[in-house]
Amino acid sequence: MTIPAPVPARFITFEGGEGAGKTTQIAALTDHLRATGATVTVTREPGGTPDAEAIRALLVSGEAGRWDPLAETLLHLAARRQHLQRLIRPALDRGEWVLCDRFLDSTRAYQGAAQGVAPAVIEHLAAPVMEGLEPGLTLILDLPPEAGLARAAARGDTGRYERWPLAHHQAIRQAFLDIGAGEPQRCQVIDAQQSPEAVATAVWQAVQQRFPEAA
Ligand SMILES: Nc1ncnc2c1ncn2[C@@H]1O[C@H](COP(=O)(O)OP(=O)(O)OP(=O)(O)O)[C@@H](O)[C@H]1O
Ligand SMILES: [Mg+2]
């Protein structure tokens, strides 16, 4: 007897380094889904609710080395828990699509691979936060960190993570690629050096493949 695969949650996360095009592509996918009549909640991490946005302000400003890595991990997870309980789960329960700019894979890449928090510690702490919920689809926008940081700088973005050393950003890119390779069912890696339109086409193809009802 074959056990049917679980239905993926209509919860799509966008991941990738600085300036990869996450925010640009979320806007395009939102338009695309809404054009089909879908109800879409668009949100971001860290943040997404007033309290989680207050935690975000602590994370994205100040000195690059401001936070102890485990303390930083706990702040991200505290913000995520609040976001899940107050915004994401209620929206999914109402039958809406939820598109989220960054999520747990960013914790794995930024606090795990770049800052050295052990993967087992992150998974152990994340389990009670997530309570088994997992994104139905994760789109990993991949490009060399130099290119992404140049885009972010051209936009005038000089937040705390943008000021991390290049080696951190290289480790982050590799971590996202490893996550994508390790979880091919959930994750799709997309070449983010293509034009925004070409990336949007690849995103829409991935969404239709994972959620045939979206078409
Ligand atoms: N495919 C693309 N090619 C060239 N430029 C792009 C592309 N996608 C987005 N951009 C531009 O690059 C900049 C960064 O894009 P965007 O804000 O969408 O990235 P992001 O991943 O959300 O960045 P951050 O991590 O800083 O939030 C913007 O100025 C955007 O207009
Ligand atoms: Mg963005």
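**View 1. Helix α1 gives the largest share of the shell around ligand 1 in this predicted model.** That share is three residues. Helices α1, α6 (145-154) and α8 (196-210) each supply at least two residues of the shell. In total, 15 residues surround ligand 1. The closest are Gly21, Lys22, Thr23, Thr24 and Arg151. By type, the shell divides into four nonpolar, six polar and five charged residues.

**View 2. Five strands form an open, parallel sheet.** The order is β2-β3-β1-β4-β5. Which strands stand at the edges? They are β2 (40-44) and β5 (187-191). Each has a single partner strand, so one side of each is left without a neighbour in the sheet. From one strand to the next, the twist averages 20°.

**View 3. Strands β1 and β4 pair in the parallel sense.** β1 covers residues 11-16, and β4 covers residues 137-142. Five bridges join the pair. Ile12 stands opposite Leu137 in β4.

**View 4. Leu141 belongs to the largest nonpolar core.** This core has 38 residues. Those with the most contacts inside it are Leu139, Leu141, Ile172 and Ile190. Leaving aside residues up to four places away in sequence, Leu141 touches Phe14, Gly16, Ala20, Gly21, Lys22, Gln25, Ile190, Ala192 and Val199.

Key:
Residues are numbered from 1 along each chain as its sequence is written. Chains are lettered from A and ligands numbered from 1 in the order in which they are written. This is a predicted model: local features need pLDDT of at least 70, side-chain atom pairs count only at pLDDT 80 or more; totals for chains, interfaces and linings use all residues. A nonpolar core is a set of buried Ala, Val, Leu, Ile, Met, Phe, Trp, Tyr and Cys residues joined through C-beta atoms within 7 Å. A residue is buried if 20 or more other C-beta atoms lie within 10 Å of its own, exposed if 12 or fewer, and partly exposed in between; C-beta atoms are placed from the backbone. Two residues are in contact if their C-beta atoms, placed from the backbone, lie within 7 Å. Two strands pair if DSSP finds at least two bridges between them. Helices (H or I, at least four residues) and strands (E, at least two) are DSSP runs, numbered from the N terminus. Axes are lines fitted to C-alpha atoms, for helices over the stretch in contact, and angles run from 0 to 180 degrees between N-to-C directions. A residue is near a molecule or strand if its C-beta atom, placed from the backbone, lies within 6 Å of it. Ala, Val, Leu, Ile, Met, Phe, Trp, Tyr, Cys and Pro count as nonpolar, Asp, Glu, Lys and Arg as charged, and the others, Gly among them, as polar.
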